[in-house]
Amino acid sequence: VYDSPESILSRTFALAHPTVYQNDVKPLLKHLLDETIDVSPTETHRFCAWLNQQGWLRRIYTQNVDGLHLHPTLKIDDNLVVECHGSMKEGNIVLYGDELPKRFYSCCDEDFSQTIADTAAVDLMLVFGTSLRVLPFSAVPNLAPRGCVRVLINRSLDECINYQISDSDRSVPRSPSSLRIGSRKFVTAKNLWTGREGNKRWRQLLVEGDCDSFVKRFF
């Protein structure tokens with residue numbers, strides 16, 4: 001636990017230490033939930049809401065479990081938000097080792113079934129803040145149709161792109177070369193934000209900086 005504290009949020013830990021999980025970990029999660037009750041959406045959340053108001057938002061896929069994308073002030077319909085790792089408010093957090101919600105896979109099928117030539121195809125993918133370290137979520141950008149514009153905004157692009165799972169990092173399984181997401185059987189698992197392969201498939205922009213500062217440029 002000291003070497004990888006995130007392991008306490010794994011299904012393996014919960015099953016191996018049920019008493020500790022019930023008496024210590026779950027109350028900690030409850031405390032974190034209480035701390036988020038009065039938290040307001042950020043500029044990036046509001047930017048997503050603005051995209052929705054313009055009629056440009058196809059879907060929000062989020063790893064966050066704070067539920068802020070569904071904050072009532074944003075007026076984003078819940079069918080536009082996929083909480084891939086669950087929600088503290090709903091009490092359905094996805095632990096390391098758990099299967100993601102079925103809705104994650106069905107929405108991926110719905111959103112990424114077209115080619116860029118189709119008028120309904122996704123033509124822009126914005127990736128805000130994620131570390132891109134946890135599969136299968138980190139492979140979602142690779143579902144974008146060929147020719148799509150992909151934009152990655154992160155405070156540390158080097159840590160985000162060049163991250164390698166060490167032997168001691170047991171909280172995240174080693175990456176396969178490909179994986180299945182919904183009906184797509186062979187989705188590339190590796191990072192394609194740099195290098196020839198990714199640049200041949202998509203038009204890409206990498207921005208190192210704060211997400212809120214980035215979206216403020218549009219207003």
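Analyst: Buried means under 20% relative accessible area, exposed means over 50%, and partly exposed lies in between (1.4 Å probe, protein chains only). The model is predicted, so local features need pLDDT of at least 70 and side-chain atom pairs count only at pLDDT 80 or more, while totals for chains, interfaces and linings use all residues. Residues are numbered from 1 along each chain as its sequence is written, and side-chain values use heavy atoms, with hydrogens and water left out.

User: Is Cys84 buried or exposed?

Analyst: The relative accessibility of Cys84 is 0%. Cys84 therefore counts as buried.

User: How many disulfides does a search of the whole structure find?

Analyst: A disulfide is a pair of cysteine sulfur atoms within 2.5 Å. For Cys84, the closest cysteine sulfur belongs to Cys108 and is 7.0 Å away, too far for a bond. The sulfur of Cys211, a buried residue at 14% relative accessibility, is 9.6 Å from its closest cysteine sulfur, in Cys48, again too far for a bond. Over the whole structure, the number of disulfides found is zero.

User: How many salt bridges does the count come to?

Analyst: A salt bridge requires a side-chain nitrogen of Lys or Arg within 4 Å of a carboxyl oxygen of Asp or Glu. By this rule, the number of salt bridges is eight.

User: In which helix do Arg46 and Glu43 both lie?

Analyst: Arg46 and Glu43 form a salt bridge, with their closest N and O atoms 3.3 Å apart. Arg46 is partly exposed at 39%, and Glu43 is partly exposed at 31%. Helices are DSSP runs (H or I, at least four residues), as are strands (E, at least two), numbered from the N terminus. The two residues are three apart, about one turn of the helix, and that helix is α3 (residues 43–53).

User: How many residues apart in sequence are the parts that Arg155 and Asp210 tie together?

Analyst: A salt bridge joins the side chains of Arg155 and Asp210 at 2.8 Å, N to O. Arg155 sits in the loop between β4 (149–154) and α5 (157–161), and Asp210 in the loop between β7 (203–208) and α7 (211–216), so the separation of the tied parts in residues is 55.

User: Which helix holds both Glu197 and Arg201?

Analyst: The side chains of Glu197 and Arg201 meet in a salt bridge of 3.1 Å, N to O. Glu197 is partly exposed at 34%, and Arg201 is partly exposed at 21%. They are four residues apart, about one turn of the helix, in α6.
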